[in-house]
Amino acid sequence: MEELESCFRKKRVLITGGLGFIGSNLALRLVELGARVLLVDCLLPEYGGNPFNIRDILRKVTVNIADVRDEASMSYLVKGQDYIFNLTGQVSHLDRLR
């Protein structure tokens, strides 16, 4: 536990798909460990992102509504990050094929 704390304390962490189930739970843990967390999610309907997932840490994280396919936005957002967790995903295999 101490090793994780020292690894993430005061570090800048970006989580794409940060309002989804996995991303939001990772954010909860990283906030507990003292990380400075930036959540990126495009909040497209039916993709799983939900601001309710971070209700307990809303004031402790930064949320940016952006699409990871937007190169200009992501180039700006990744600058200065110590860690990046890419948890974006398409929930539906059929939708992904379109």
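**View 1. Asp 70 caps the N-terminal end of helix α3, residues 71–78.** In this predicted model, a side-chain oxygen of Asp 70 lies 3.3 Å from the backbone nitrogen of Ala 72. After α3 comes Gly 80, with a positive phi near 80°. Helices here are DSSP runs of H or I with at least four residues, strands are E runs of at least two, and both are numbered from the N terminus. Residue numbers start from 1 along each chain as its sequence is written. Because the model is predicted, local features need pLDDT of at least 70 and side-chain atom pairs count only at pLDDT 80 or more, while totals for chains, interfaces and linings use all residues; side-chain values use heavy atoms, without hydrogens or water.

**View 2. Helix α2 has a buried side.** Gly 23, Ser 24, Ala 27, Leu 30 and Val 31 are the buried residues of α2 (buried is under 20% relative accessible area, exposed over 50%, partly exposed in between, with a 1.4 Å probe and protein chains only). They cover an arc of only 125° around the axis, so they sit on the same side of α2 (the arc is that of the directions from the helix axis to the C-beta atoms). On the face turned away, look for exposed Phe 21, Ile 22 and Glu 32.

**View 3. Leu 30 meets residues from elsewhere in the sequence.** Beyond its neighbours within four places, Leu 30 is in contact with Phe 8, Val 13, Ile 15, Ala 35, Val 37 and Phe 85 (contact is heavy atoms within 4.5 Å). Gly 34, which follows α2, has a positive phi near 95°.

Note on methods
Polar contact = N/O pair within 3.5 Å; in protein donor to acceptor, adjacent residues only side chain to side chain.
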